[in-house]
Amino acid sequence: MHKPTRQFVFQRVYDMAALVEDCVANEESLSEIDWNDPEVLLGLGKFRKISLLHRYIYAMIAVEHRSEYRKDADMYEVEEIAGIEALFDAYGISYLPYDRFVPAVPAARATSRAEDPFYQWFLSQESQFEMVWEKLTDEAFHLLFGNRAFLLKFNRTVAQHLRSHAVAIPAECIGSDRRIRRQPLPVWTRGAVFYRDHGRCVLCQVDLSGLLSTDRSDHFDHMVPLSNWGTNDPCNIQLLCEHCNLRKASGEPITGNRYSAWWS
């Protein structure tokens with residue numbers, strides 16, 4: 001089956017992925033997601049290509065940058081601003097260069113961080129910054145979706161948030177046990193997980209591709225079981241063989257930490 005490709009720039013994306021990894025253990029960071037958004041809530045119960053992880057990555061990038069730009073506006077000098085403009089250029093986003101921006105409050109009269117010329121420039125170009133953050137989100141997701149240890153940590157944190165907060169999951173997605181109801185996996189989810197896990201059970205590494213053996217069946221497992229407040233988010237799915245899936249069942253959330261090497 002032909003898999004589509006995406007063009008990525010990978011400018012500062014490793015920094016953004018590290019930022020998200022640092023935040024994910026803190027359940028309170030999930031409060032930055034808009035839990036009143038119907039699409040967010042529906043995505044907990046039904047598989048969506050814009051995953052909860054996409055939304056979380058974007059929220060962490062946006063919160064971090066908005067805070068930094070306001071708090072440290074006076075620290076941004078020529079070199080730092082040139083780095084930001086290089087991001088706009090790399091992603092093909094039109095913007096007003098800083099050296100052509102005329103601030104409403106001149107630097108000599110600025111009395112607060114909010115009036116700093118750099119922060120005024122940021123506010124004037126905020127929609128362009130948001131476009132950059134969307135690009136960084138897509139690329140950070142590309143990296144983090146391949147890191148099952150991170151995905152397990154993320155899904156544990158999401159489960160804890162759902163367990164301890166009154167999140168209004170749509171009634172159509174909830175079962176009789178008040179947990180999220182199992183849904184059929186879309187073809188695109190099965191394909192993404194199968195390719196990510198290289199057609200092998202992530203726990204025992206048995207081949208499930210059908211190339212080496214035809215008597216193995218693949219099972220798509222929720223890393224954090226639905227009974228433990230797991231979700232039907234594509235980032236909560238992994239590939240297991242029948243034996244490992246039955247052994248895991250609805251027990252402790254677990255994943256494998258073995259990956260195919262480029263060479264050996």
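1. A residue is called buried here if its relative accessible area is under 20%. By that criterion, buried residues make up 45% of the 264 residues in the chain. Please keep in mind while reading that this is a predicted model.

2. To get your bearings, start with the overall layout. The chain has nine helices and two strands, and from the N terminus on the order of elements is α-α-α-α-α-α-α-α-β-β-α. The C-alpha trace spans about 75 × 45 × 25 Å along its principal axes. Of the contacts in the chain with a separation of 6 or more, 73% are between residues 24 or more positions apart.

3. How many aromatic pairs does the structure hold? There are 20 aromatic pairs. One of them joins Trp 121 and Phe 129, with 5.7 Å from centre to centre and 80° between the planes, an edge-to-face arrangement. Trp 121 and Phe 129 are both buried. These two residues also belong to a cluster linked by ring pairs, whose members are Tyr 58, Tyr 69, Tyr 76, Phe 88, Tyr 95, Tyr 98, Phe 118, Tyr 119, Trp 121, Phe 122, Phe 129 and Trp 133.

4. Why is the pair of Phe 150 and Phe 154 stacked? The ring centres of Phe 150 and Phe 154 are 6.2 Å apart and their planes meet at 15°, so the pair counts as stacked, since planes under 30 degrees apart fall in that class. Both residues lie in helix H7 (residues 148-164), and because they are four residues apart there, about one helical turn separates them. In general, an α-helix has 3.6 residues a turn, so residues three or four places apart point the same way. Phe 150 has 2% relative accessibility and therefore counts as buried; Phe 154, at 1%, counts as buried too.

5. Arg 148 lies over the face of Tyr 259, 4.3 Å from the ring centre. The charged end of Arg 196 sits over the ring of Phe 145, at 4.7 Å from its centre.

6. Thr 189, Gly 191, Val 193 and Arg 196 are buried in H8. What covers the buried residues of H8? The cover includes H7, strand E1 (218-222) and strand E2 (237-241). Thr 189 lies in this helix and has a relative accessible area of 1%, so it is buried. Leaving out residues up to four places away in sequence, Thr 189 touches Phe 47 and Pro 234.

7. Phe 194 is also found in H8 (residues 187-196). Is Phe 194 buried or partly exposed? Its relative accessibility is 22%, so Phe 194 counts as partly exposed. Neighbours within four places in sequence aside, Phe 194 is in contact with Gly 199, Leu 208, Ser 209, Asp 218, Phe 220 and Leu 239.

8. Finally, a few backbone angles to check. Most residues other than glycine have a negative phi. His 198, which follows H8, has a positive phi near 55°. Arg 178 has a positive phi near 70°; it is placed in the loop between H7 and H8, and at 57% relative accessibility it counts as exposed. Gln 205 likewise has a positive phi near 70°. Gln 205 is in the loop between H8 and E1, and its 22% relative accessibility makes it partly exposed.

How values were computed: Residues numbered from 1 in each chain as written. Predicted model: local features only at pLDDT ≥ 70, side-chain atom pairs only at ≥ 80, totals over all residues. Heavy atoms only, no water. Phe/Tyr/Trp six-rings, centres within 6.5 Å; stacked < 30°, edge-to-face > 60°. Buried < 20%, exposed > 50% of the residue type's maximum accessible area, 1.4 Å probe, protein only. Lys NZ or Arg CZ within 6 Å of the ring centre and 35° of its normal. Contact = heavy atoms within 4.5 Å.
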